[in-house]
Amino acid sequence: MTSAGDPAAGSGELDAEFAETVRRTGASVGALYLLASDEQSLRLDALCGAPAEFAAPWSTVPMAAPAPVAVAVREDRLVWVGSQEEMARSYPRTAMVLPYPLALVAAPVTGARRWGVLLLMWPAARPPHMTARERGHIASSCGRLARLLEEAAEHGWAPAAGDGPRVVPTGSGRRSVSLATAAADFVERLPGGSCAVDLEGRFTYLSSGACDLLGGEADRLLGTLPWQSLRWLDEPTYEDRYRAAVISREPVSFTACRPPDRWLEFHLYPDASGISVRIVPSGARPPPAPASRRSTHAVAPARAGQLYQLTHLAAALTEVVGVQDVIALVADQIMPAFGAQGLVLSTAEAGRLRITGYRGYSPHTIERLDGLALDTDVTPAGRALSSGIPAFFADPEEMCRVYPEASQASDKQAWAFLPLIISGRPVGCCVLSYDDPHTFPAEERAVLTSLAGLIAQALDRARLYDTKHELAHDLQQALLPRTLPQVTGLRVAVRYLPATRGMDIGGDFYDLIRLDDTAAAAVIGDVQGHNAAAAALMGQVRTGVHAHATLGTAPDQVLCGTNRLLTDLGHDLFTSCLYAHLDFARRRVTLASAGHPPPLLRLPDGDTRPVDVPPGPLLGIDPDAVFPLTEIPLTPGLMLAFYTDGLVETPGVDLDDSIAHLAQHLAHADDRDLDLVVDDLLKKASATGQRRDDIALLLLHHEPGR
């Protein structure tokens with residue numbers, strides 16, 4: 001939390017309640033995520049029971065991500081994952097960055113508004129099911145956290161943005177790492193003694209026997225990370241075993257070779273204060289044989305945490321859809337992971353660099369950099385892309401030696417220029433920049449270079465998707481009516497919403513046809529699929545319906561004629577359709593349905609219910625299909641709602657129940673402004689958030705003399 005006053009005071013009560021919740025529930029690790037201001041992502045605010053480095057791959061989680069914390073907030077429910085197997089089955093992407101035996105729960109933190117989510121993790125030894133009492137305790141804790149957040153907000157506090165998560169100690173606070181205390185903790189955990197490390201992996205105690213086996217003096221090793229101070233432990237495999245102990249809170253063992261040929265067994269026993277490590281000589285040389293010694297000039301391997309981070313980011317990049325999704329992922333996850341404050345993502349077009357997205361720069365700076373030739377000296381981006389070789393500059397002086405003009409283009413102090421290349425074909429360039437000088441160690445350069453290849457693949461796919469999407473979108477917009485005709489005695493409101501996930505081009509369509517001075521026709525339908533083919537078929541269906549309707553054909557014959565057209569065309573896609581003929585002279589509405597959800601009828605007294613319209617088969621299946629007619633009175637003040645299934649279909653919810661809920665909302669709507677009624681129905685049906693299907697909604701209100 002931050003404020004004009006004392007930020008620490010604002011977060012003190014929240015941290016205390018958070019730590020107490022972790023302790024009271026017996027969790028080994030706890031995390032508190034808060035919604036970002038745009039409510040499009042969750043940002044890690046506080047962490048308990050693990051170092052902040054561990055949380056780097058998931059410090060920012062998009063709200064649309066298939067992760068337990070995002071699902072808990074998105075669906076406003078507690079998410080329980082009882083085992084590693086269940087994690088791999090239900091949340092494979094999360095399992096990639098948490099490949100340890102554990103159980104976890106994600107619970108929404110909600111009060112007067114949505115604040116975020118509480119994440120708790122336990123060792124796999126706990127029971128695989130959560131009792132009702134445990135659920136109640138966690139829900140109560142989330143309520144208290146929400147109240148503290150609301151009280152803080154009333155006093156001007158706001159969730160911090162940009163800073164790393166606060167690491168909150170459990171109990172009375174972090175234990176002293178003095179030799180006496182660390183040694184006492186170690187003795188309590190294990191008979192005998194070897195060494196102890198804290199949760200961050202640093203040595204806090206070494207016995208003389210441990211020093212002999214490890215080949216180092218205690219004063220040189222204390223406070224260091226084993227894989228940094230002992231080069232023969234500098235392998236990601238060994239760091240991964242330490243991570244497994246911290247996350248799972250289960251004993252872990254591994255064998256390592258101290259050069260030249262002394263094999264040692266390491267037994268790790270973790271708890272909330274650290275890890276006790278028992279080191280004993282190994283009786284046998286385990287396979288496989290160790291790799292030959294590396295030169296002292298060899299590049300150090302990437303840390304296990306960075307490898308997990310790279311795996312996590314790779315999985316995330318496979319799920320992005322459009323170019324803006326790629327830019328958002330790089331900005332929200334890759335920039336924070338490498339501590340960058342600036343981003344410029346460019347694509348190569350006709351020998352020039354076109355900037356497709358940026359962060360941390362002023363629009364004026366971007367305007368000067370956009371459209372530069374690949375051989376420009378203003379930025380190294382073009383040369384990096386042409387050569388395919390990444391360029392790293394730790395400070396402005398280093399940049400000026402090669403590109404004197406480049407350092408004047410912005411006020412950044414360090415840069416990484418990553419060419420995006422696929423099979424020798426340049427796609428673009430990703431530039432990460434820093435507000436302060438920044439050295440790029442060899443292992444960081446290796447990770448960034450590997451990541452550039454993944455970004456290139458994602459960006460290339462995204463550009464192809466955007467091109468196809470734009471073509472299909474233009475086609476769909478050309479085929480839907482731009483405006484609806486004015487019909488005497490009828491008020492009309494309509495809304496079309498595309499899907500928000502996947503290819504957001506659907507086959508939903510609608511139309512209002514003025515037949516003569518005393519009659520009109522309304523039609524709504526849904527072509528199977530979400531692609532250009534569905535949009536094209538939608539246009540053919542709408543044209544067929546319109547052609548038959550303007551001939552004065554009865555509703556069942558309109559559908560029969562359109563059905564024969566589709567079967568003759570031989571499409572593999574099928575279409576639902578609802579057609580209504582409104583006769584103002586006879587005051588009758590005649591309806592026919594081809595497998596479409598029933599319309600809603602609201603009478604002048606507010607009574608609202610679905611109209612019982614016996615559906616015929618979907619269009620395009622049976623050329624001889626019959627479509628039964630249904631007739632209802634067209635009384636003054638009557639309202640009809642036509643909609644597609646995207647408005648009422650929700651996974652796990654009965655369709656009839658969804659339609660009944662929609663009818664209930666329509667019954668209580670204020671009909672003085674139909675556009676507001678449409679907005680209200682979409683909001684009540686949760687259609688304004690994430691949508692897997694497109695939605696069409698058409699409202700007709702009969703007002704004679706209007």
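Which residue stands opposite Phe 642 in E29? Leu 698 does. This is a predicted model, where local features need pLDDT of at least 70, side-chain atom pairs count only at pLDDT 80 or more, and totals for chains, interfaces and linings use all residues. Residues are numbered from 1 along each chain as its sequence is written, and side-chain values use heavy atoms, leaving out hydrogens and water.

View 1. E28 covers residues 639-643; strands here are DSSP runs of at least two residues (E), helices of at least four (H or I), numbered from the N terminus. Pairing takes at least two DSSP bridges between strands. E28 runs antiparallel to E29 (residues 695-702), with 5 bridges, and also pairs antiparallel with E24 (residues 600-602) over 3 bridges.

**View 2. The two sides of E28.** Met 639, Ala 641 and Tyr 643 point one way, Leu 640 and Phe 642 the other, and all are buried (under 20% relative accessible area, 1.4 Å probe, protein chains only).

View 3. Six strands line up as E15-E14-E13-E18-E17-E16, paired antiparallel. At the edges sit E15 (372-373) and E16 (391-393), each pairing on one side only. Helix H12 (residues 323-337) packs on the sheet, touching E13, E14 and E18; touching, or contact, means heavy atoms within 4.5 Å.

**View 4. Helices H19 and H20 meet.** Leu 662, His 665 and Leu 666 of H19 make the contact with Val 677, Leu 681 and Lys 684 of H20.

Conventions:
Axes are lines fitted to C-alpha atoms, for helices over the stretch in contact, and angles run from 0 to 180 degrees between N-to-C directions. Buried means under 20% relative accessible area, exposed over 50%, partly exposed in between (1.4 Å probe, protein chains only).
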